[in-house]
Amino acid sequence: MNTSPRPTFVVRVPAFPADGVDALRSPRAADWLRRCRDAAEETRLQAARCSDILYDVVAGLPAGRDRSALLDLRRSVHNGRAARARRLVGKLAPLLTPAAERALDRWDRLVADAERTRRSAAEVWDGELDRSGAAAVKTASRSAITLELARSTSPLTAALDRAMTAIGHGAAPDLDTALSAYAFVVRACMKTTPRGSLSAWAHGVLTDGPDRWDGDPRPREHHAELNAFISLTLLRQLVPPGRLVANPSTVDTDGALYAITPNCDAVRRIRADSALRELIATWPPEGRTMTDATRALAAVARPDPHRADPRRADSHRPDPRRADPHRADPHRADPHRADPERPDSHRPEPRRADPHRADPHLADPRRADPERPDSHRAEPHRADPRRADPERPDSHRPDSHRPDPHRPDPHQPDPNRPDPHQPDPHQPDPAPSGAEKTLARLVDIGLLVGADETPLQDPDPLRAAARRPDVTEEAAAILTEVADAADALTRTDAAAAAVPELAGTLNSLSARLSWPAGALRHGAPAYADTVLTTGKLALDAAEWAPLWTSLRAVAGWIGHADPWAATRARAEAHLEAVFGAHRPIPLTVALHALVRAADSGVPGIEELWSDEFRLPPADDPGLAGLRELMAATPTVDGVLRIDPLPPAPARPDSLTTRLAFYGHPVRLDGRPRFVVNSVEDGCGRADAHVQRILDRIGLDDEQRRAWPDNRPTPLADTVDVEIAAVADSNVNLRVLGALPELTVSQGLSTRGRSAAGARIDARECHVVAGEGRLVLAHGGRRLRVVPRGRMADFHYPAVLRLLLRMFGPSPEHRVQPVIAPEGHLTEAGCRLVPRVDLGGVILMRRTVIVESDQVPRRGAGETLLSYAERVDAWRRGCAIPAWSFVRAVNAAGADKHRKPMPIDLTSPLGVAQIERTTHREARRLLFQEVLPDAAHAPVAEDGSRWFAEAVWEVDI
């Protein structure tokens with residue numbers, strides 16, 4: 001196990017320096033708010049003194065009108081009703097003592113001063129709202145933000161243009177635009193975002209010398225690529241597939257073919273005759289070209305004297321289906337009933353389709369599939385599904401006789417019988433019209449899948465496809481045009497014009513190529529990333545290296561919690577009940593069994609491929625043990641500190657070997673601290689993402705050598721495999737329910753794309769249940785699927801989520817809500833959770849948890865200053881810092897997508913932002929301390945400060 005820190009690591013850098021947000025904080029408005037608070041407090045104290053003096057005066061009067069009038073005066077002073085109090089003082093002056101007159105006179109002057117202060121403060125707040133709003137709009141109009149807004153086709157782009165026009169005419173921008181601009185600016189200065197031009201990827205090093213930015217952190221290289229869904233559509237429509245392979249999720253059983261649907265919500269039954277099933281079963285793994293596939297299908301349709309004639313009902317031939325070890329014995333009395341004493345017996349679907357009716361699950365090629373824009377293909381004629389068509393080998397005619405078990409085995413090769421699937425070179429080619437239609441239909445329904453010679457993982461897939469000799473000139477021109485339009489998004493000076501040009505090009509293609517409605521609504525047209533090319537973060541190795549010991553200790557406690565353990569256990573129990581324990585089950589068969597179980601109502605199975613984000617279980621031994629340690633530790637000055645953190649007990653059953661901590665290296669009171677933002681599985685996910693970007697940008701090997709490219713830490717007797725579609729792509733890939741290729745990653749030292757590694761076919765893998773955890777094996781070796789790549793697991797296609805949750809470590813470890821200390825309640829009813837410092841690793845910031853209905857609401861007609869005064873009084877009662885990170889929680893579960901936003905509760909924009917947040921459906925608000933702040937950011941050579949979020953990976 002590697003126990004020393006890695007000398008290089010990945011860093012994320014915001015678009016603007018840390019002081020860029022200072023112009024939005026309005027210190028002048030905060031000062032006048034303080035003056036109003038001080039004036040109100042002094043007036044309140046003087047009113048209390050007046051109340052005490054008037055009490056003594058009232059006590060000396062008998063009951064009557066004078067006594068009632070003095071009591072009314074006392075109440076008016078206490079409630080701050082200055083006008084009524086002045087009138088009563090003029091009427092009751094003979095009854096007042098000299099001390100009462102002096103106290104009331106001073107209170108009246110303080111009230112007048114407070115009113116003048118509030119009027120001046122209101123003018124300042126209105127002016128600061130306009131000034132800071134204009135500053136937010138101007139900053140948001142800088143190239144980094146406008147480029148990102150243009151790429152994502154955000155409606156804020158037009159709003160910013162209107163706001164800038166208003167500012168040019170001397171008017172203030174509208175509040176909604178100013179608040180949206182504020183949110184972008186503060187995140188571009190402080191809280192980095194995962195992608196786009198609002199942040200850049202950089203690398204850091206541990207070296208000798210002070211902490212600093214080595215080089216200029218401003219020059220950046222922009223990278224953009226087309227949405228993978230659009231690229232995939234263009235490649236399918238315009239580029240002929242070089243080879244076709246059988247859908248690897250297909251199983252031949254019960255006289256039909258079965259394939260998992262794309263969302264893993266059902267198993268599709270595809271009706272086919274025995275000849276076609278045999279052809280699919282014997283389809284070569286390397287695939288067939290389009291010409292060879294057409295000929296093979298035509299050969300199936302060619303009359304064969306050794307086969308039964310589908311046009312003659314009295315003809316008899318044995319069923320050529322391949323034996324299925326997981327299917328019930330056909331010689332049993334009832335082949336449709338599974339034997340409870342034989343776990344390998346196979347139960348077919350309870351509702352079998354009528355062989356004389358068209359299969360409702362078979363896609364009609366005349367109807368466009370809204371999920372697949374390339375599926376629009378009209379068919380001139382559709383044959384009666386109840387009759388066999390000699391030109392369509394996939395037409396189904398039921399055999400009138402069951403297979404004779406005493407006949408010779410049809411799977412044994414006959415040397416005197418030619419292979420019907422291979423074309424005879426001595427025979428002329430038959431008319432291919434029927435075979436071509438059959439081939440198109442098989443591709444449409446996903447039974448045959450193109451083995452792309454131009455994958456999306458290529459650095460430039462569209463241009464690579466345009467250079468292929470089998471692509472027509474017209475198709476090559478279209479591909480090049482789209483690639484040029486997408487590349488234009490990388491130029492900051494042309495992005496504003498490039499976005500509408502790309503949209504126009506895609507809309508034109510949508511009409512020309514008959515894309516269905518909604519084909520362009522699967523995310524933004526293009527995605528972007530930015531790389532810092534000259535600067536890097538340099539940290540003093542002597543100061544920061546000792547923190548790796550604390551990070552490893554924290555990782556041991558939190559790294560083995562798995563949110564999907566209970567669901568996986570239910571899946572293992574189901575497979576063990578169906579197939580038996582300790583038996584190798586083909587991966588495809590196991591997946592079919594799980595999807596069928598979920599479709600038939602077995603509870604909990606479908607959670608394995610759901611798109612939900614789930615917190616780790618609270619009863620995990622590591623998390624429970626850490627909570628016990630924290631409960632036994634006192635909180636001092638708002639900090640719960642355990643130093644040193646003891647090591648956690650070993651967890652040999654876990655698949656996690658490394659964690660990646662995303663956070664900020666800062667110095668508090670001169671001591672190095674690492675403030676954690678998030679925790680992921682440590683398999684070089686960020687490294688793989690950056691390496692792919694560097695490959696697409698075109699950096700040479702010498703330039704890329706300085707960047708980290710870590711691989712997962714090996715697990716004993718286990719081979720690590722990546723999912724190629726995840727490791728090589730940073731966008732959502734939509735698959736046809738097919739099993740992906742797996743890339744062997746363990747021990748590889750090659751840099752660059754993971755496609756350079758050895759690949760295995762998922763169809764050759766087996767699943768074993770009954771070992772205490774589902775085991776994936778290939779050729780006698782255990783496999784571990786590692787979540788390498790920059791997508792979160794709930795964004796994967798369903799089949800990829802299923803594989804990762806069954807056979808891999810948990811990709812993310814959001815443990816903070818699970819291990820949070822109980823804290824204590826403030827007088828205002830808010831819960832104050834202390835900062836958690838574990839040996840120098842700040843796992844949790846100091847947080848105030850507030851229910852949404854506890855936040856003051858702005859009344860109708862209430863001025864912004866009056867509302868700010870009430871918010872200021874409320875937040876002081878809740879011990880909420882004026883400068884805080886705010887995160888809204890809208891549901892009972894975790895909301896992974898909402899990032900904390902820093903706001904100043906003593907500035908006009910901050911108060912307006914709180915008002916907007918409370919008007920939305922926020923169930924709870926979390927106010928966290930701003931750590932780090934600008935004072936903690938590393939300094940560049942020109943004196944500017946830039947925040948840095950580092951990715952530190954440690955072995956467990």
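In this predicted model, seven strands form an open sheet in the order β12-β20-β21-β22-β17-β18-β19, with mixed pairing. Strands here are DSSP runs of E with at least two residues, helices are runs of H or I with at least four, and both are numbered from the N terminus. Two strands pair if DSSP finds at least two bridges between them. The edge strands are β12 (585-586) and β19 (759-761), each of which pairs on one side only. Within the sheet, β17 (residues 718-723) and β22 (residues 781-786) pair in the parallel sense over 5 bridges. E722 stands opposite V786 in β22. Helix α23 (residues 798-807) packs on this sheet and touches β17, β20 (766-768), β21 (775-778) and β22. The direction of α23 makes about 120 degrees with that of β22. Such angles run from 0 to 180 degrees between N-to-C directions, with axes fitted to C-alpha atoms, for helices over the stretch in contact.

Residues are numbered from 1 along each chain as its sequence is written. Local features need pLDDT of at least 70, side-chain atom pairs count only at pLDDT 80 or more, totals for chains, interfaces and linings use all residues, and side-chain values use heavy atoms, with hydrogens and water left out.

A second open sheet has 3 strands in the order β6-β7-β8, with antiparallel pairing. Its edge strands are β6 (251-253) and β8 (267-270). The twist averages 30 degrees from one strand to the next. Strand β7 (residues 256-260) is joined to β8 by 4 bridges. I260 has V267 as its bridge partner in β8. Helix α18 (residues 587-599) lies across β6, β7 and β8, at about 80 degrees to β7.

Helix α19 (residues 621-631) has a buried side. G622, L623, G625, L626 and M630 are buried (under 20% relative accessible area, with exposed over 50% and partly exposed in between; 1.4 Å probe, protein chains only). Seen down the axis, these buried residues fall within an arc of 160 degrees, so they line one face of α19. The arc is taken from the directions from the helix axis to the C-beta atoms. P621, E628 and A631 are exposed on the face turned away from the buried side. The buried residues of α19 pack against α16 (547-558), β14 (639-642), α24 (816-819) and β25 (835-838). At the start of α19, a side-chain oxygen of D620 lies within 3.0 Å of the backbone nitrogen of G622.

The chain holds 26 helices and 31 strands. Of its 956 residues, 54% count as buried.

How values were computed:
Contact means heavy atoms within 4.5 Å. A polar contact is a pair of N or O atoms within 3.5 Å; within protein, one must be able to donate a hydrogen and the other to accept it, and residues adjacent in sequence count only if both atoms are side-chain atoms.
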